[in-house]
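Hi,

Here is the structure I promised to pass on. Have a look at it first, then read my notes below.

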Amino acid sequence: MGSAGVGDARAAGHGRPLLAAGLLTGAGLVDVLSAWAHTARDAFAVETAQGVYRVDITGWAWLHVAIGAAATLAGLLVLTGRPGTVPLAICCAVLAVAVELALLPYAPIRAVLVVALDLAAVRLLLRYRRAVRGRTPAPPGPDRLSAPRRPGRSSPGPPPGSPTTPG
């Protein structure tokens, strides 16, 4: 008994990475909402041996809102199944991970959760992309007249009595 993979889902007719899109959209929404809260909050206080310092992360929070919105939009675009959306979603998720790691000291639990969701989405998107690239050509349909011929035993030989017939 094998586990159901991307190829099995594609064979069953499900050609879109729904779980990856959901994870990326959810992580993007968490990013947007939590970063929006950081834009309204006062600066953080950091205590060191030399004293207490105020750290204002408002600029980083606005950047985080923008990247979270882009990741949410990319996750929703993956649901459309268009060819260029998967690389776009991977780029948005990687950017979200980078900004999330920059803000790790200020919200560690949320950062770890969102990084895990983004990385899981990236892994699923990469597996989906690899499966789509390895896909065999489509069988003949209304838009194709015939399937490509393969040379070998299964292809018919020359007609009998032709000059290329051995014998």
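**What I found**

Let's start with a pair of helices: α4 passes α5 in a left-handed crossing. (Left-handed means that the near helix is turned anticlockwise from the far one by less than a right angle; clockwise would be right-handed.) Helices here are DSSP runs of H or I with at least four residues, strands are runs of E with at least two, and both are numbered from the N terminus.

Before going on, keep in mind that this is a predicted model: local features need pLDDT of at least 70, side-chain atom pairs count only at pLDDT 80 or more, and totals for chains, interfaces and linings use all residues. Residues are numbered from 1 along each chain as its sequence is written, and side-chain values use heavy atoms, with hydrogens and water left out.

Back to that pair. Helix α4 covers residues 85–102 and helix α5 residues 108–133; they pack at an angle of about 155°, with their axes 9 Å apart. (Axes are lines fitted to C-alpha atoms, for helices over the stretch in contact, and angles run from 0 to 180 degrees between N-to-C directions.) That angle makes α4 roughly antiparallel to α5, a label for angles over 145 degrees; under 35 is roughly parallel, 65 to 115 roughly perpendicular and the rest oblique. Among the residues making the contact are V86, P87 and I90 of α4 and V114, L119 and Y128 of α5, where contact means heavy atoms within 4.5 Å. The contact residues divide into 16 nonpolar, no polar and four charged. (Nonpolar covers Ala, Val, Leu, Ile, Met, Phe, Trp, Tyr, Cys and Pro; charged covers Asp, Glu, Lys and Arg; the others, Gly among them, are polar.)

Next, α2 and α5: their axes come within 8 Å and cross at roughly 150°. So α2 is roughly antiparallel to α5, and this crossing is left-handed. Residues including L19, L23 and H38 in α2 meet residues including R110, L117 and L124 in α5. This contact has twelve nonpolar, two polar and three charged residues.

What about α2 and α3? Their axes come within 7 Å and cross at roughly 160°, which makes α2 roughly antiparallel to α3. The crossing is left-handed, and the contact residues are 14 nonpolar, nine polar and one charged.

There is one aromatic pair (rings of Phe, Tyr and Trp, its six-membered ring, with centres within 6.5 Å; planes under 30 degrees apart are stacked, over 60 edge-to-face, the rest tilted). The rings of W36 and W62 have centres 5.3 Å apart and planes at 80°, so the pair is edge-to-face. W36 sits in α2 (residues 18–40) and W62 in α3 (residues 58–78), 26 residues apart.

Finally, strands β1 (residues 44–48) and β2 (residues 51–55) pair in the antiparallel sense over five bridges; pairing takes at least two DSSP bridges. They form a hairpin with two residues between them, and F44 stands opposite V55 in β2.

Cheers
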